[in-house]
Amino acid sequence: MLKPLTTDIEALKILDDRLRWLSAWTIHHANHIRPSDDGLKVGGHQASCASMTAIMAALYFHSLGPNDRVAVKPHAGPVLHAIHYLLGSQSREALENFRAFGGAQSYPSRTKDTIPVDFSTGSVGLGVAITLFASLMQDYLTAHGQLEEEHRGRFVALIGDAELDEGNIYEALIEGAKHDVRNLWWIIDYNRQSLDATSADRMFERFDEIFRSCGWRVVELRYGKRLRGVLDKHPKLKAWFEQLPNAELSALHYQGGAAWRARISAELGTSAAPFLKEYDDAALASVFTDLGGHCMETLTKAFDAAQDDVPTLFIAWTIKGYGLPFAGHKDNHAGLMNPTQLATLRDSMGIREGREWEPLEGLGHNARTSVETGLERSRIARAKRERSFGNLPLPAIPAPAGDEQSTQAAFGRILLDLSKQGGDLADRIVTTSPDVTVSTNLGAWVNQRGLFRRSDMPDVFAKAKIASAQKWGGNKKGQHIELGIAENNLFLMLAAAGLAGDVFGERLFPIGTLYDPFIARGLDALNYACYQDARFLLVATPSGVTLGPEGGAHQSINPPLIALGQPGLRHYEPAYADELAAMMQEAFRLIDDPAGESTYLRLSTRSIQQVERANDRWREGAIDGAYWLREPGPNAEAAIVAMGAVMPEALAAWEELREDVPGLGLLSVTSPDLLHRGWTAAQEARWKGAREPSHVEQLLSVLSSDAGLVTIADAAPASLSWLGGVLGQRVAPLGVEKFGQTGNLADLYAAYRLDGSAITEAVAELLLPA
Ligand SMILES: Cc1ncc(C[n+]2csc(CCOP(=O)(O)OP(=O)(O)O)c2C)c(N)n1
Ligand SMILES: [Mg+2]
């Protein structure tokens, strides 16, 4: 690891003040100075920023090395922008447009901000946990010889104390402990205030215990240098100070010196008189606000002392709104200074009116020189890293042989074949699963490629010659990362692995498997991964009521609708093994394409008769979202539109009806998501003068304009019923709208009207004269 930077303490204090000023000013400018056309509140969080400017100054201008990566608490976004403004890597224009279209984003965004944002944040808790999985990925890459020692760094999360209520943090903590995670700093801005209120006192000192029991070092930075000195001299005062509840402490910080004096005299009586005599009110307020998270000496010393790889939690005591007029007020979360208050702050910083954006305005020669020296050193450490794409030649993926197959089994076979065949793609695939590796058919791949462990882990059962289909030893070369049953962790792991090309310059092809209904369990983490443009393949299997006797709470209904509404994630639902192979090939291509995205495959355990293909024309359609499995006649009056596991029912119904309904077609939909996107994109293009109809419009326009469509899927019927809106054709939607039962397939399909007779009845109804 490279050595941390050093900048002298006085310069760091000046930088701390500048960050507090610039973040407050950026927010003020957006709310009070930039003209507003719509009268909408712009907002911003001056108090949340002021709370951690010292921590961020110490980190960015003193501690961070060039390989270190940081997730910044969402509401401190303006501080990060201010840092890059001082470093010269953020423009004044972007700051003037903070929260405006195309300007600096409200919360740090990897993809939308122009400054280097290592991890996006916004949904609290997730930015914290992703640093842990990124650190794991760093160990993975190093172990696989894909990352040199000198390119390794530390992963830092800057955390609001209320974020600690998010359960996903503890799920990650536990997973990290299992994998012996290291090179992590989690720094809590412990201002003891959330959005609504001051924090519960009962949790005090519990967080330390939780982290320590997971193997972390906990460093509490309660006092700044001055305050520590004072309290050490006055043990009674210290004891009194330490028993103050959070709310009382915040209120005193808000009220200031006179209130401290009155309170101390009332509660400590004459014993505090000598101390109180030493300080006037202003000095009293100043000494009591000298908490650890605002004291540059304390922060830099603590950071310097934690240079090994032990994961470390810093609890840095702070005051929300430090140095601002609403410091400590319980309602200050979205508080904004008024113009008069802002002018007072500006004057106190020695900044002249009209020169608010001047980075080093008002600094004398010596101060300016040392600040500039510090900035110059930090600049090198914070350069934006290019994304890494397009380096790997991808092999064609053949369909596994077999007349009868399920898509889930075919998935396992394809990975096994890839592994046996070897090559760059197979070596760059990393798989992961929350305790459903075997039941999602990843077992054979893991037998081949092994579990990833930093130190060797023997397969005890294999050594004892106990028969088992799973021969899983763990070592540095293993390519499967086992996770406990916590779907949030799966998605955060996929996010971290899917950002390897961005964070480490080394592209990986991450594949995560889980049961389809449990996508909902980690949905915000999935959204978070997509928001950052992480690239991965999500394989959700098994799905739908087609699970049969397994049934019950494992049956999924709405994930295709989730996928319809999720940017950055392409849903494919194959019926046949050859479609699946084509989709996996496409998914790998999309992972390594700058304009690509992630893919979600919804698979089934139902083994079905594979279709004979006359030619390869289906392939392009399947990748684009649909193709005619049975071509309709010109101006046909009806078509069956089916997706995935229920294709045999659709084919059987088609066979039965083809005589009575001339020209009846059977459309196999492989991605409602892509069809819908194509439809809206063509519409948008038409408004701009283009003529080309979308794929779905072309497919459906072969039918008569008032044709009837019977749509069927083992999923919410709304996944396909919208197809009637494309050309105004009538629809009879079949699908699952109630929670599933257990049962054999015939009974279930009859109960949920997914069988041939339901299709026949629906076609008949559509064709009856109105
Ligand atoms: C998942 C999620 N839920 C709710 C919010 C809304 N929210 C934003 S900040 C915040 C409180 C933050 O308090 P804390 O983490 O202590 O930050 P600070 O005091 O430093 O502002 C809440 C509830 C959010 N951003 N994300
Ligand atoms: Mg807080």
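Buried means under 20% relative accessible area, exposed over 50%, and partly exposed in between, with a 1.4 Å probe and protein chains only. Helices (H or I, at least four residues) and strands (E, at least two) are DSSP runs, numbered from the N terminus. With these terms, helix α10 can be read: it spans residues 235-242, and L237, W240 and F241 are buried in it.

This is a predicted model, in which local features need pLDDT of at least 70, side-chain atom pairs count only at pLDDT 80 or more, and totals for chains, interfaces and linings use all residues. Residues are numbered from 1 along each chain as its sequence is written, chains are lettered from A and ligands numbered from 1 in the order in which they are written, and side-chain values use heavy atoms, with hydrogens and water left out.

The arc is that of the directions from the helix axis to the C-beta atoms. An α-helix has 3.6 residues a turn, so residues three or four places apart point the same way.

The face of α10 turned away from the buried side carries P235 and K236, both exposed. Contact here means heavy atoms within 4.5 Å.

Helix α9 buries L227, V230 and L231. Their arc is only 95 degrees around the axis, which puts them on the same side of α9. K225 and K233 are exposed on the face turned away from that side. The cover over the buried residues of α9 includes α10, α13 and α14.

Which residues come nearest to ligand 1? Of the 18 residues around ligand 1, they are S48, K73, D161, Q193 and K320. A residue is near a molecule or strand if one of its heavy atoms lies within 4 Å of it. The shell around ligand 1 holds 3 nonpolar, 9 polar and 6 charged residues. In this count, Ala, Val, Leu, Ile, Met, Phe, Trp, Tyr, Cys and Pro are nonpolar, Asp, Glu, Lys and Arg are charged, and the others, Gly among them, are polar.

Polar contacts follow in the table. A polar contact is a pair of N or O atoms within 3.5 Å; within protein, one must be able to donate a hydrogen and the other to accept it, and residues adjacent in sequence count only if both atoms are side-chain atoms.

| Residue | N or O atom in | Distance to an oxygen atom of ligand 1 |
|---|---|---|
| D161 | side chain | 2.7 Å |
| Q193 | backbone | 2.8 Å |
| H333 | side chain | 3.5 Å |

The protein covers 75% of the 590 Å² of accessible area that ligand 1 has on its own. Accessible areas come from the Shrake-Rupley method with a 1.4 Å probe; for residues, only the protein chains shown count as cover.

## Buried single residues

T53 lies in helix α3, residues 53-63. T53 is buried, at 1% relative accessible area. Leaving out residues up to four places away in sequence, T53 touches D16, L19, R20, S23 and V79.

S120 sits in the loop between α5 (92-96) and α6 (126-143). Is S120 buried or exposed? S120 is buried, with a relative accessible area of 0%. Its side chain reaches the backbone nitrogen of R110 at 2.9 Å. Beyond four places in sequence, the residues that S120 touches include P108, G127 and Y528.

A486 is in the loop between β10 (480-483) and α22 (487-498). At 12% relative accessibility, A486 counts as buried. A486 touches E171 and P434, not counting residues up to four places away in sequence. From A486 to R454 is 32 residues in sequence and 22 Å in space, C-alpha to C-alpha.

## Backbone exceptions

Most residues other than glycine have a negative phi, and most peptide bonds are trans. R99 has a positive phi, near 70 degrees. R99 lies in the loop between α5 and α6 and is partly exposed, at 25% relative accessibility.

D180 also has a positive phi, about 55 degrees, although it is not a glycine. D180 is in the loop between α7 (167-178) and β3 (184-190). At 48% relative accessibility, D180 is partly exposed.

A cis peptide bond joins T541 and P542, with omega about -5 degrees. P542 is in the loop between β12 (537-540) and α25 (559-564).
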